[in-house]
Amino acid sequence: SAGCFSDNSVGGIMRVSGVLANFRLDDWAREVANLVFAEISEINTVEVSTGSVVIYFSIRDPDTTGFTDETPEIQRLGGNEKMLLLYQWWVTDSDRLDDFDYDIIDFKVYARRAGSISGQEEVVTLFAPAGDAPDIIIPQRPDDENQFSLIPAINVQEGSTLQISVTVGDDSAFSLQPISLSALVLLTLALQFLFHFLF
């Protein structure tokens, strides 16, 4: 579980595709170390389990004694910073992971809540929503009393194509009558003029 991480480290639980029997932990640790400019010994694996392949790990701080002015900034980062950076790359689908030899199915990061009582430490998932997602706000549907208008609030580059799609349910509050071809052409010309004039 996530409670197996040490007090001061950000723990990661990464699930990658594959079968545990064919999984080589040393190869995976080498790949992670290469990504974050760490030594293989800095990749601290706590546990590996099935469910595809699930790796519980943390990243230790680097030994800075051999650092010089030429040492890359990423290599100077602490272990927790490297863990969060790795997580950020996964969330943003960064091209930094293009050469990573493992298909990451899921990745979560954890930390112990500050001030937890020893033996009753609370482990929290970082970057998880604190509550339910807010309800979707659906504006009132237009009718005779509640008309709507298009407000140009977008930027369209010259030469680009703008596609507008309107979907109306079967509700009787708003209905579209069949449009003749001439009316459709006039509507198209009016929209082109409007966007040319506004943008």
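This is a predicted model: local features need pLDDT of at least 70, side-chain atom pairs count only at pLDDT 80 or more; totals for chains, interfaces and linings use all residues.
Local features here need pLDDT of at least 70, and side-chain atom pairs count only at pLDDT 80 or more, while totals for chains, interfaces and linings use all residues. Residues are numbered from 1 along each chain as its sequence is written, and side-chain values use heavy atoms, with hydrogens and water left out.

Side chains of opposite charge can pair when their charged atoms come close. Searching the whole structure turns up 5 salt bridges (a side-chain nitrogen of Lys or Arg within 4 Å of a carboxyl oxygen of Asp or Glu).

Let's start in helix α1, residues 25-35 (helices are DSSP runs of H or I, at least four residues, and strands are runs of E, at least two, both numbered from the N terminus). Here Asp27 pairs with Arg30 at 3.1 Å, N to O; the two sit 3 residues apart, about one turn of the helix. Asp27 is partly exposed at 27% relative accessible area, and Arg30 is partly exposed at 39% (buried means under 20%, exposed over 50%, partly exposed in between, with a 1.4 Å probe and protein chains only).

Next comes a pair that bridges separate elements. Glu42 and Lys82 form a salt bridge of 4.0 Å, N to O. Because Glu42 lies in the loop between α1 and β2 (43-50) and Lys82 in helix α3 (residues 79-91), this pair ties together parts 40 residues apart in sequence. Both Glu42 and Lys82 are buried.

Finally, turn to helix α2, residues 73-76, where Arg76 and Glu73 are 3 residues apart. Their side chains meet at 3.8 Å, N to O. Arg76 is partly exposed at 33%, whereas Glu73 is exposed at 60%. Elsewhere, salt bridges with shared partners link Arg24, Asp27 and Arg30 into one network.
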